[in-house]
Each structure stands twice: as C-alpha cells, then as structure tokens.
Amino acid sequence: MKWVRTTAIVFLLGISAACLLANLIAPASYAHQFREEPDASPSRQHLLGTDDLGRDRFSRLLYGTRVSLLLAPAAALLSSGLAAFVGGIAGFAGGRVERFVMAGTDLFLSLPWLFLLITVRALLPLNVSPIVSVLITFAMLGCLGWAGAARIICADARALSQSDFILLARASGSTGFRLLRRHLVPNLKPVLYAQFWISVPVFILTEANLGILGLGVAEPLPSWGSLLRELEGFSSVSGQTWQLVPLILFILVVSSFHLVLTKEELPV
Amino acid sequence: MAQPTIIWKLPAEDIYTRSALPKLAAKILVTVLIGGFLGATLVRLAPGFGVDEEELDARLSDRSIQALRETRDNEPNLFVFYFRYLNRLVHGDLGTSRTLQRPVLQLVAERLPETLKSVALGLALGWSTGFLLAVAIVMSRAWLLDLLGGLLVGVLLCLPAAVLALLFVLAQAPARLLLGLVVFPKIFRYSRNLLARSSALPHVLTARAKGLGNVRVLVWHVLPTAAPQLLALLGVTVSVAFTAAIPMEALCDIPGIGQLAWKAALGRDVALLVNLTMVVTLVTLIANSASDMMGKTFRASEA
Amino acid sequence: MKKALATFVLLTLIALGSNRLLAQSGGELHFCLRSEPKTLNPLLAADDASETIRYLTGGVLVRVNRLTQELEPELATSWKLTNGGKTITFQLRDGLRFSDGTPFSADDVAYTMQQLMDPALHSPTGDAFRSSDGKVETEVLPKNHVRITFPAPIAGLDRLFDQVAIMSAKSPQKELAVLGPYFVGENKAGSYLILKRNPNYWEKDPAGRPLPYIESVRLDIQQNRDIEMLRLTRGEIHFINSLDAEYFDKVVAQDPAMAHDAGASLDSEEMWFNQVASSPLPSYKKAWFTSTNFRRAISESINREDLARIVFRGHARPAVGPVSPANKFWFNAKLQAHPFDQKSALQRLSQDGFHLQDGVLKDRDGHAVEFSVITNAGNKYRERMATMIQQDLSGIGIKLNVVTLDFPSLIERITHSFDYEGCLLGLVNDELDPNAQMTVWLSSADSHQWNPSQKTPATAWETEIDKLMRAQASTLDPKKRKADFDKVQEIAWQQEPFIYLVNKNALSAVSPAVHNAHPVVLRPQVYWNIDQLSLTSEVARNR
C-alpha cells in the first residue's frame, strides 16, 4: 500500500520536473509545423509522432502538461476553498443565514454561466496573450465550480456544529481559530479532497471546451485539453494508438493525485 | 454498545409545522423568479445578443436585414423586459422561441420528458454503481479494490464527454446511460470519502472490535453518520445531472431540454433561455430542498 | 431430405425474384441532417436543413440540372423571357395534383409569387428577385399559362425559379401540400423526419413507372459528424452529402468505391481585414488594413498550397478570387492564385515604410505588426488554417493571434460593433450567376463585409466595382456581363479586400446500396436526382 503511494509521489514529481524542464527536454518547439510530415507515426525524431499540422506531439505534451498541471490544481484549490468558505459559514451559522446562503447556492448551480464566460471574452482585448487568457479561464473555472461541494459541506458542517465533540471542545475553551484548525477543517477534509480531486480533470477538460468561446489556451500554445480534443474523432484515433499517450498520462496523473490525497482514510 | 459520538440534536425546526410547506413553496417561487431574471440578465449582457446568423445570408436584401434586426425584442431596459415577460407568464404565455419559431411551452413540454428520463436513468445508474462500489470498498477495506476503483473513476473523469459519447455509439449502447457515467465519479468519490470517515469514527471501530458484522456496522453505525451529507449529495447530483445533460444531449442528438438549451444558447434565444433557467432552478431547488428536508427529518428521528 | 433441398432452392429463387423487384422500387433511404430544419415553409428556407426539405418536397417550375448545370422543365413545360428580361411566361403542365390531392393550377403559381414577394415575409428566395422597387405582377392566362412581370430586368431570371417551390392556394394543408417527389409524413422535432413518397408526383420513368422509386426517406438529425461517419460505415445510413476531408480519406481507405470527389466546389474560404472607418481600432492599424500593399503582402505570405495539402489533405485547391474555377463560364481564366512569395511580400511592405527589426516587422512609426484573426469556433478546418497562417506570417515578422468565437459573438463583431481586426470565414455559394454576389460587392450593401453600408464608396476601386456590378446586372447580353464581371474579378485580385485561400472539393460518400447516384459539385451533391435513385435488394428488404 505504502509503495503505491510512494510510486505516485515519485511519478508526480517526475512529471513536474519534466514539464518544468520542457525547454531542455523537448526536441522541437511546440508550435513548429513540420509541414512535410503531418500526422506522422512515431519515429526517432518525433517520439509520439506529429499532429495534423505536423507539430511534434511529444514537445506539445511536455509544454501542455506544464500549463494544465500548474493551473488546474490551482483552480481546483480555489473552488474547494470557496466551497469550504461558503458551505462552512452556512453550516455553522445555521438558521436564516444557512437558508439564505443555500438558496443562493441553488441559484448559482442553475444559472447559465456560459454567458458570463462569453461576456468575459468580449471584455478582453482580442490580442490578449495566451498566458493571460488561460489564467483568466482557470480563475473563472475556479470561481464557478464551488456550488455543488458547498452544499455537501454545509450539510457536513451543520452536523459537525451540533456534534458532541465540538460542544465538548467549545466547553473546554477551544474557540475561533483553534476550533477551526483542530476540529472543523480535519473533519471537512474528505469532502474537500473529493471536490479537489474531481475538479482537476474536470477543469482540464473544460478548458479545452472553452476554446469554443475564444477563452482557454489559444493556438499555438498546447494544453492537455487541446491534446485530448484530438481524440474526439474516432476516425483519427483508430490505428494510431500513440495518440492515446496524452490520455494515459492524464489518467495516471489524476490517479496519482487521488492516491496521494487519500492517504489515511481507509481504516486498515 | 458504544455511544455514538455524534448525537443529533434538533432544535424544534419548523419542518413539521403546517406553515412550512407554503413557506417553502413561496421561497422556491421567489428563487425561481430571481433565477429567471438573472438568467435573462446574463443572456442580455452577453455579446451576440440580438444578432442572427441569417444576417450573413448574402441573398437577403439590405431591407430584409434591417427588418430582421428590428424584429428582435431589443427592449433595452432589462426590468421592463422582465416585467413584460412575467406579465405574459401570468397569462399562461411563456413566449415564443425565436430560433425555433414555436411556443416555448410546447417545446418544453415536448422535450422535458426526454430529459427527465435520461436524468432518472443516469442517476439510477450512477448511484447504484457509485454508491455500491463505495460501500464495497469501505466495508471490505481492501486497498486493491480501492486502488482499482480510484483508477476506474480516474479514467471516467479524464475521458472527454465527446469521446465517451463516441464509445457509446461504437458499443451501440443507449446514449442516455452516458449521464450515469458522468455522475458516477462524483457519487463514488464523495460517498467513498464520507463513508471512510464515518467508518473511522471511534464508535464504529469499537463496534467492529466487538465483532459486529459488516452489514450491521454499515446499517447501524456508518450510514446514519454519513446520511445527511449523502442526502445533500443526492440533491446536488440531480442538478449536476441536469447540467451535464446539456452537452450530453447536444453530443448524442437526444431531443431533450439539454439540446434545446444548447441551441438556445447559440441563438441567444432569450425567451427560451429564461424559461429553461427557471426549469433548471426549479428542479435544483426541489431536489435540494427535498434532500435537506430528508436530512433534517433523519436527524430528528435519530435524536 | 431432397424435398427440403427443393423447398430451399425454391424459397431462394422466390427471394431472389422478389429482390429484383424491390431493387427498382420501395425501401427507405436514410441519411442525416446536421441540424433541425428551422422552417417547413419553402419560401422561408434559408438554412441547410430547411433547404434539404424544400428540395425533396417542393415542386418547382424549372430545375437547374445539377449535373449539366442546364435549366430543365418541371411543372412548367416551357417558358419564355420577353420585355427585355422583365417578363417571364410559363406554360404549365396539365392535370397535376398536390400531395393531398388538391388540383394544381396557374392560380397556385400566382399565389406563391404573391406570398414570396410580400415585403413583410423577408424571404431570402424572394429577395433574390428584388432588383428594384416596384410591384411584381402575376397574370393567369388561358390554357394554363402564367405570366410574371418584374419592375426591372433581372439577369438570370429563369434560373432563380429553381428555388421557388410552388405552394397551394387552396389546400387546407397549406405548405405541407407539395408537388415534389416526397411529402413530410412525420416530424419528430429535434430527432428525425420521415418523408413519404408523393403518390401524385408528376414524373414517370421511361418505362412508364411512377417516380420516385424509393418509398420513403428518413432524415435523422445528427450534428456529430463522427457519429454520422460511424453510422455510414455500419450501413445505418446511405450517404453523407458533404464529407470532411479527413473522413473522406477514411472512406477511401475502407472502400474506395464509396468515396466521391467531384472536384473543386463553388465554396471558398477567405480572410479579410476590417476596413471600417468608424471601427474602434487604433488609427495605425486602420492604416495597415486599408493599404493595398499590406493586404497583398499578407496574401503573398500565405502558403495556399500547404493549406490545401495539409488542412484539406489535398482535397482543395488554392483559390484565385470570388469565382471558383468550377464555375466554368464566369471564372476569369486569366487570373492565377497568388503565389507564396515572402520576399515579394517584404518588398511590398517596405514601400509602405514597414521594416524588419530583430525579426519583428514594424511600421513606419515603430509599431510592431501584431493583429488578431477571429474565426468561428468548432470549425476544425478554419482553426487549422488560421494556425498555419500564424506560422506563415511569423516568417515575415508578424505576430498573428488566433481567436475562436462562438457564432453570435463573431457576427456581432463583424456586423455591429466592428471590433475585430481580421476575420477568417467561408463563403457558401450555390449560384453560378454573379448576380448572387451583388450584395457582397456593392459598397452600399450590408454584406460588403470588409466595410459594409458605405454611403459613398471609400476607395476608387470600390467605386469601379460598384459601377461594373450594376452594369452587368442591367444587361442581358452574356458577353457584356462576362466582360464586366471579369473586370470585377481582376480588381478583387489586385486589391484583395478578401484574401481568398482555398476552394474546397465537393466530397461525398455513398453506400453501394444506392443506385444511380452521381454526386456533383452543386448542392445537393448526392441526392440532386432523388427521384431517380433506388436501393438494392438487401437494403430494401431489411427496411
């Protein structure tokens, strides 16, 4: 069991190192189109072949990992934080505050946020650099993804706030910050972990779909989302198994996150 | 038997009083109306509102294009617009969809059943598999199973919806089940973590140590502790499933309200969007209020 | 045992015999629409799906044969243009009935024209007839003749009637009563349509059997092209009308007999710069975009051969100008596609004071040349073209930003706010006649994309184009019209308000079960001869 987790940590570190050193490792620029060999199979020159415009897929994977692996967890952290904040306040305060905040959360869950994203794009200049665009995108995702988790956290916090051990802790003089740190946060952890872990892949994929609105990672900068979009046509994948490498890497990274996060939860 | 650490103490909540239901209904109604208004605001402020693909049709004369622009309900004042809408609503008229040129009521009535069917099937599938898997893992405490479960969920989370849709078509499986796969990871992840925490509580461990069977531990100790959160999760998954239905129906060409919403969004069809936002808000509110109420009832009965 | 064998042989023979019968008639043709038809009213059809329904159900007076591109009689047996091209007189076929049994007469034509030309209807089909103000008069003459008079001559008038599906003036079914080969039998909104064979369709085959052969047509609404492709390979649908290049190659790999490449189509992909004087762009950028040298230089820096070869996998050809070479009569054969020549491009730029500084192109005042191109999201081919152009332009020190937008946002930018720099879109063109491009070229028109609705033409060359377009429209002499429009093409080639990129080929895939299919360049590529198509036995039997 322990070795599995160690492996996961080592794997994540390895991936992080590889994408941080992308400039040194990548055999080609992520943007350069080798126009004589579009859709090439893997070769010594192109380890994972080239994409439909002849760009080296291995290099794009390295750079894309850098973008997605850095920003998606950051956005997931943001959304989990917001969920904890909103859900926590509602749950502990209870009563009217809770009803009000939860009604707001329900509303938030059902509004067509797509249009907010479209509006944000309209407010940005067209010549915005890809980095700014992608930063804004992930920030928006982080800001919009908290509502579902907040509801569960609220239920959790409500139960906690009325539980004996919190009452006990209160009685023994624990207040404010100490109460929060020692008793509340540790108990909210499972839900927050779940929220974090689900958000990372969801945000990575959503980023690719936001390309439709002119947000997200703009060409030629790669991201995991844009690499995975290659898989959307069955005709493009069949017979070109190396195209699945980004997907496999993605799954491995997400699973590793899961292993690292869920360390002491199963009572064995 | 060990004392449950968490004792549910319920302040005399008003769920049992007679005035509760009308109050709840009023709250839902107000929230739905606010939802409609906010939805309309979002659509109105978005770029591309009031323009039409047809304007690019080179066959149209300039006069027709001008006329096309004038036919829009371009009421600049949002409040006036919404008030007019409400006024019509009171008279039973939900307005007419501009993109599909049919009454909204007719469109929604036609398509809502499709989506409800998909959502119900998806939730049934998602909960039966996700929750059972979580229970199996937590109760068996088999780390290999946990690892495999995590991996399976990872795979499902990482596959883009379009790829999943395509795999379904390849396997000739009904596209509706796709929704189940979308909610499955959430249900599994949350319930696994919640159950794991509950089963690590001292009184559960004690119960186990005293040699209580798995099923009894689960039913008597683990589930009751995690129930309010699981019920909240149930409510949330309903709205998640509804939201997930939009891309799913658009991808698989299922004629439900998700597909309708997608088209409405692309066409900035405000009449349709306001109503759809209200439908979704209504479903979300009902689901969440119901789960809330069940959670509270549950605590009350425990106390 | 012997008896069993004999029975088996007999049954097989019967089965084969009945198959042969079925090969000629019956069965259900199955294909996909990419969106729900917005209307079933033939006069209002503007989107692809509605036009498909109109083509399959509507009866027209005359039909452009999609193969020969000649005009052929349909509901009218003959027609005559008189009065300098202002009047057209049709002799109608006798004894025809609508799908619901209502008799067809000249009154129906008069009714259709009246509906079509109603200014409140805003029908794109009707607008094509509207060359000048004034009333359109329709007279019902004896012996099933009908005469339509327009206020001004319309070049190519008779061909416009290919789009006018005749509606019944009397039928209680209104627009659902049709004269075409099929009628709408079932319409499950958002899901599918079933067209049933029109028992009253007028045409018969040479053997005297009623057309169409195929009993019904099922149109599934399927937006996802991958799924459409998958269904084709599974044999669930019979054809794909316009196939993307990458799927085409897939079909070729699977079964070359199914794939049809009809050659360059009339459609073009192009890019243009915002030249609107009131746009919110900084003035130095406006100066770039209104400079002919700048536009020519950008055009010469784009490798069109590569676009055709890589993005469209060879199933496209570099575009020359507003007319595709597929349009044999109107194409100006003197013109050639702009070659890829970055040296010449830099030379042109230097004439305007642009210079390279550390690999970055700067204008006279030292502004680095950077601009954005918007295109509609979800169109893989346009996104890829834009990305390739991005690399091409970096070759002359220009930074291009590619921005994909959803369609309404994009349309708002190019038609209302004019808050964009460059735009990459395609032009769908079905009409061979240049009159169809009138609204694109007149500087006063709304569809004059690079600088629409000008009160007076902003440039001398736009003045010249205005003059030539009006001149070609006011005469019926094909030679004179051709000469005028040739000049328009030359000016467009020189000034490049639109930088034409490629003409895509018309690609389609047809299952071997469909007989008598001859896919062509003009829409609808595969089923233009729907009444002549038939299905082979296996398919007919399975249905």
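Two residues are in contact if their C-beta atoms, placed from the backbone, lie within 7 Å. Helices (H or I, at least four residues) and strands (E, at least two) are DSSP runs, numbered from the N terminus. Residues are numbered from 1 along each chain as its sequence is written, chains are lettered from A and ligands numbered from 1 in the order in which they are written. This is a predicted model, where local features need pLDDT of at least 70, side-chain atom pairs count only at pLDDT 80 or more, and totals for chains, interfaces and linings use all residues.

**Chain C overall**
- Chain C holds 17 helices and 21 strands.
- Its C-alpha trace spans about 95 × 70 × 40 Å along the principal axes.
- Of the 543 residues in chain C, 52% are buried. Buried means 20 or more other C-beta atoms within 10 Å of the residue's own; exposed means 12 or fewer, and partly exposed lies in between.
- Among contacts in chain C between residues at least 6 apart in sequence, 69% join residues at least 24 apart.

**A four-stranded sheet in chain C**
- Four strands of chain C form an open, antiparallel sheet in the order E4-E5-E7-E6. Two strands pair if DSSP finds at least two bridges between them.
- Strands E4 (76-82) and E6 (137-141) of chain C each have a single partner strand, so one side of each has no neighbour in the sheet.
- Strands E5 (residues 87-92) and E7 (residues 145-149) of chain C share five bridges. Ile88(C) has Ile148(C) as its bridge partner in E7(C).
- Helix H3 (residues 106-116) of chain C lies across E5, E6 and E7 of chain C, at about 175° to E6(C). Axes are lines fitted to C-alpha atoms, for helices over the stretch in contact, and angles run from 0 to 180 degrees between N-to-C directions.

**Strand E18 of chain C**
- Five of the six residues in E18(C) (residues 422-427) are buried.
- Strand E12 (residues 259-273) of chain C pairs with E18(C) in the antiparallel sense over six bridges. Glu269(C) stands opposite Gly426(C).
- Strand E16 (residues 370-376) of chain C runs parallel to E18(C), joined by three bridges. Ile374(C) has Cys423(C) as its bridge partner.

**Chains A and B**
- 59 residues of chain B are in contact with 49 residues of chain A.
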